[in-house]
Amino acid sequence: MGVRKSMEEEISVNGSKEEWMGKCFRALDAGGFSNVEQNQTINQLTAGMRRMTCWGDIIVTLHPNFSDSNSPDGLRIHIKSTANYDNIWALLFSPNQKIINSFKNFLK
C-alpha cells in the first residue's frame, strides 16, 4: 500500500440539505469522480478519483450550522480528501488539493 495523506476543508452555505446534496452530487459527477455514492441517512457523499497523476478519495459531509439561538442557520460542507503521495507527480502538486479543487470548482 502506498503512502497516503489527508486534507480537510470546510465551507458554509445557505440553503436546504436536499438542495446541497444534489449540488454536491452533480459537482462530484462533473469533476470527474467515479463511484459516487450518496448516503442520505448521514448526509454524506463519497467518491474516488482515479487518474494517472492523482489517485485518491473524497468524503463530503453536510452538517447543520447552528447560530446562538440553537436553530439551524445554513449548512457546513465538510470536505475530506485522502490521496496517494508515493509518485513523482506529488512533488509537483498536492494531490489532496487537486481532488478538493476538482470538487469545489463545480460546486454551484
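## Ground rules

Helices and strands here are DSSP runs, numbered from the N terminus: a helix is H or I over at least four residues, and a strand is E over at least two. What you're looking at is a predicted model, where local features need pLDDT of at least 70 and side-chain atom pairs count only at pLDDT 80 or more, while totals for chains, interfaces and linings use all residues. Residues are numbered from 1 along each chain as its sequence is written, and side-chain values use heavy atoms, with hydrogens and water left out.

## The overall picture

The protein has two helices and five strands, and from the N terminus on they run β-α-β-β-β-β-α. Its C-alpha trace spans about 50 × 25 × 25 Å along the principal axes.

Of the 108 residues, 37% are buried, where buried means under 20% relative accessible area, exposed means over 50%, and partly exposed is in between (1.4 Å probe, protein chains only). The accessible surface is about 6,300 Å², and carbon and sulfur atoms own 51% of it; the areas come from the Shrake-Rupley method with a 1.4 Å probe, and for residues only the protein chains shown count as cover. Take the contacts (heavy atoms within 4.5 Å) with a separation of 6 or more: residues 24 or more positions apart account for 52% of them.

## Charges and salt bridges

There are 12 positive and 11 negative charges, and their mean positions sit 7 Å apart. Lys and Arg count as positive, Asp and Glu as negative, and His and the chain ends are not counted; each charge is placed at NZ of Lys, CZ of Arg, CG of Asp or CD of Glu. Side chains of opposite charge can pair when their charged atoms come close. Counting a salt bridge as a side-chain nitrogen of Lys or Arg within 4 Å of a carboxyl oxygen of Asp or Glu, the protein has six.

One of them pairs Arg-76 with Glu-10 at 3.3 Å, N to O. That pair ties together distant parts of the chain, with Arg-76 in strand 5 (residues 72-84) and Glu-10 in strand 1 (residues 4-13), 66 residues apart. Both ends are partly exposed: Arg-76 has a relative accessible area of 26%, and Glu-10 comes in at 41%. Salt bridges with shared partners join Arg-4, Arg-50 and Asp-57 into one network.

## Thr-61 and its neighbours

Thr-61 is in strand 4 (residues 55-66) and is buried, at 9% relative accessible area. Its side chain makes a 2.9 Å polar contact with that of Gln-44. (A polar contact is a pair of N or O atoms within 3.5 Å; within protein, one must be able to donate a hydrogen and the other to accept it, and residues adjacent in sequence count only if both atoms are side-chain atoms.) Leaving out residues up to four places away in sequence, Thr-61 touches Ile-42, Asn-43, Gln-44, Arg-76, Ile-77 and His-78.

Most residues other than glycine have a negative phi. Asn-35, though, has a positive phi of about 50°, and Asn-43 has one of about 55°.

Asn-35 is in strand 2 (residues 34-39) and is exposed, at 64% relative accessibility. Asn-43 lies in the loop between strand 2 and strand 3 (44-50) and counts as buried, at 17%.
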